[in-house]
Amino acid sequence: MSKANPLWGAPRIHGELLKLGIEVSQATGAKYMSRQGRPPSQTWRTFLENHVQQIVATDFLVVRTVSFRLLFVFVVVGHHRRHAVHFNGTAQPTAEWTARQIAEAFPWDSAPRYLL
């Protein structure tokens, strides 16, 4: 039953067996459930270590000026050396402005593979 329905847990299988008239404890049902035979996947830490050269992160920061106006600062940080690749500020950020900043941060086909 557990092989045919891999998403079912021990409580569900126990309930189905009770409906069929088979009285076993839930612990016994859990004991005989089939295990998933999938190979272990790559962990998040391993992924980051393998691809750190190809990852950059972007973020907007909000800064108050001396005259209490808001400035939005767009920052691009490279993960390999943990340095700012590009930054710029504006009072009125738009989607076009943000796209232009990303294009300016990576000229001449130097765009990273992963953008966070």
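Reader: Which residues are linked with R12 in a network of salt bridges?

Author: In this predicted model, local features need pLDDT of at least 70 and side-chain atom pairs count only at pLDDT 80 or more, whereas totals for chains, interfaces and linings use all residues. Residues are numbered from 1 along each chain as its sequence is written, and side-chain values use heavy atoms, with hydrogens and water left out. A salt bridge (a side-chain nitrogen of Lys or Arg within 4 Å of a carboxyl oxygen of Asp or Glu) joins E16 to R12 at 3.6 Å, N to O, and E16 also forms one with K19, with the closest N and O atoms 3.6 Å apart. The residues linked with R12 in the network are therefore E16 and K19.

Reader: Which helix holds both E49 and R45?

Author: The side chains of E49 and R45 meet in a salt bridge of 3.1 Å, N to O. The two residues are four apart, about one turn of the helix, and with helices taken as DSSP runs (H or I, at least four residues) and strands likewise (E, at least two), numbered from the N terminus, the element in question is α3, residues 44-51.

Reader: Which element of the chain has the highest mean pLDDT?

Author: The predictor's confidence in each residue, pLDDT, runs from 0 to 100, and its mean over the chain is 87, with 100% of the residues reaching 70 or more. Among the elements, strand β4 (residues 114-115) has the lowest mean, 79, and the highest, 93, belongs to β2.

Reader: Is F74 buried or exposed?

Author: F74 in strand β2 pairs with F60 in strand β1 (residues 55-64), 14 residues away in the chain. Rings of Phe, Tyr and Trp (its six-membered ring) pair if their centres lie within 6.5 Å, planes under 30 degrees apart being stacked, over 60 edge-to-face and the rest tilted, so this pair, at 5.2 Å centre to centre and 55° between the planes, is tilted. F60 is partly exposed at 34% relative accessible area. With buried meaning under 20%, exposed over 50% and partly exposed in between (1.4 Å probe, protein chains only), F74 at 2% is buried.
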